[in-house]
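Me: I'm just starting out with protein structures and would like a close look at one part of this one. Could you guide me through it slowly?

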Amino acid sequence: CGVLGIFDKNLDIPRYIYWGLFALQHRGQESGGMALTDGSDIHTFRGMGLISSVFSEGVPEEEGHIGIGHVRYSTTGSNNPRNIQPLAVYTPMGQLALAHNGNLTNTRILREELDKGGATFQTTMDSEIIVNLISRSQKETIEERIMESMNRIHGAFSLVLMTKDKLYGVRDPHGFRPLCIGRTENGGWVLSSETCGLDAIGATFVRDVKPGEFVEINEQGVKSTIFSVADRKQVCSFEYIYFARPDSIIDGQDVYQARLNMGREMWNETQYDADLVISVPDSGNTAAIGYSMASGIPFNHGLIKNRYMGRTFIKPNQKQRELAVRMKLNVVKSVVRGKRIIMVDDSIVRGTTSGIICKLLREAGAKEVYMCVSAPPIMYPCFYGIDTSVRKELIASTLSVEQIQKYIGVDKLHFISIDGLCRSISCIPREDLCLACFNNDYPTDIPLANEEGEKY
Ligand code: 5GP
Ligand code: SF4
Ligand code: MG
């Protein structure tokens, strides 16, 4: 998901939230919305689909100087209109709205506890647990209540919250998901999942929210409190591989440069002799350019993407996903005909995309198809907010690299090594990167799949 918050007395807040969310749209296309205040009440405006269709009839008119917004990527909680964020609730301390990116790992325990205490839930989102905890806390101030609740939830959470006169930001102690702080031209404040959200509204980057940090923003500026320190910082490596936009900088690491490095590392690891490097657009573009630059093998556009389609992974079932790939990608026959091709993509999840594309390339006359993937094999589910959670659907969890190569029909297949990936994300120390979906090294307790205590 993507989250955004603005505190500024001189901006048209609804319009700026809209633009910021528009820039974060790649982080979720299922639904979206914003919470705004007129100074005395908080109102939410939300809907299914892209931000442009949620607000197809224009953005709301609210005079207040605070707003938060959310774009949703479905993980826990099904694709359901009830699960749209931001959530807004009445607490004993007044109204509170929240937008959450990430996924909690102790949901079941907290939910049972809240159920016993008589709490009721309107959604299946773990985010609703957070507002319940805040609401039921016995602490005196809203800030203390939030921080107390943050110490009870585990897993991944980058949050923006608002009351009618304050904006807050939180990043979980591991820092799985990004969150940064920016300043508007008027000296107001912005919280955004990624720096591309700041760029879109003309705000300048100030700093990243630290893992375990709670920030409170009001007229006086930003007040910071570290509410918890984890034994290890764990930024999601998949943000750099795929999820984040390449023009963002996360925790000091330029995403574009990391992807170029991934391409270079893959060249060092493969040294494939070929005529042409192509990418699976758009997610494979930067790594493909990196491979081409390092190898001297020319890059060309062998596949064209229909730019009016969203991310295919999001489609709910296998048949629909397959149709979507064909709609989304087509081959430039004159480019690939008779060539030995290195095709670069960011990841193989179920194997749908690469299998279909390989077939299309061969039909168009490609002589050989070699594939390089800038994510190591995804063998374990993510419990921290990326939708690779059903293990049996992860092709690399059941098939070896050779079997995958056969399954998708390429002549050679290479996945970047974990070492190569870590070197590529050169500004982040290796021990600070989450690699759990590749190496099973989960930095937190994870929810058990069943009563027998099986993991997944
Ligand atoms: P596959 O077809 O193997 O299931 O998926 C691989 C394709 O899906 C890649 O082109 C990659 O860009 C994209 N992809 C990988 N992981 C994710 C994800 O978590 N979310 C979305 N939306 N797309 C993904
Ligand atoms: Fe990212 Fe994988 Fe860790 Fe999930 S398990 S947070 S996708 S690195
Ligand atoms: Mg892709």
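Is Ala244 buried or exposed, and how many other C-beta atoms lie within 10 Å?

Reply: Happy to! This is a predicted model, where local features need pLDDT of at least 70, side-chain atom pairs count only at pLDDT 80 or more, and totals for chains, interfaces and linings use all residues. Residues are numbered from 1 along each chain as its sequence is written, while chains are lettered from A and ligands numbered from 1 in the order in which they are written.

Ala244 is buried, because 28 other C-beta atoms lie within 10 Å. (Buried takes 20 or more other C-beta atoms within 10 Å, exposed 12 or fewer, partly exposed in between, with C-beta atoms placed from the backbone.) You will find Ala244 in the loop joining H7 to strand E15 (249–250). (Helices, H or I of at least four residues, and strands, E of at least two, are DSSP runs numbered from the N terminus.)

Who touches it? Setting aside neighbours within four places in sequence, Ala244 is in contact with Pro178, Glu194, Glu239, Ile250 and Val255. (Contact: C-beta atoms, placed from the backbone, within 7 Å.) Thr352 is 108 residues from Ala244 in sequence, and their C-alpha atoms are 22 Å apart in space.

To get your bearings, the protein chain is divided into domain 1 (2–231) and domain 2 (248–432), with bounds from an automatic or database domain assignment. The C-alpha centres of domain 1 and domain 2 are 32 Å apart.

Let's follow H7 next. Helix H7 (237–243) supplies at least two residues of the shell around ligand 2, and so does helix H16 (436–439). (A shell residue has its C-beta atom, placed from the backbone, within 6 Å of the ligand.) Around ligand 2 sit Phe176, Cys236, Ser237, Phe238, Cys382, Tyr384, Ile386, Cys434, Leu435, Ala436 and Cys437. Ten of the shell residues around ligand 2 are nonpolar, one is polar and none is charged. (Nonpolar: Ala, Val, Leu, Ile, Met, Phe, Trp, Tyr, Cys, Pro; charged: Asp, Glu, Lys, Arg; polar: the others, Gly among them.)

Now for some residues named in a record. Under "binding site", an unreviewed UniProt entry lists Ser283, Asp345 and Asp346. (Positions use the numbering here, feature names are shortened, and annotations may be inferred rather than shown by experiment.) These residues span 64 residues in sequence, but no two of their C-alpha atoms are more than 6.6 Å apart, so they gather at one spot.

Asp345 belongs to strand E20 (residues 340–345). Asp345 is buried because 24 other C-beta atoms lie within 10 Å. Asp346 is in the loop between E20 and helix H12 (352–363), and Asp346 counts as buried because it has 25 C-beta neighbours inside 10 Å. Beyond four places in sequence, Asp346 touches Ile241, Tyr242, Ser283, Gly284, Ala287, Ser374 and Ala375.

Under "active site", the unreviewed UniProt entry lists Cys1, which lies in the segment before strand E1 (2–7). Cys1 counts as buried because it has 25 C-beta neighbours inside 10 Å. Leaving out residues up to four places away in sequence, Cys1 touches Arg27, Gly28, His70, Val71, Arg72, Tyr73, His100 and Asn101.

Methods
Contact = placed C-beta atoms within 7 Å.
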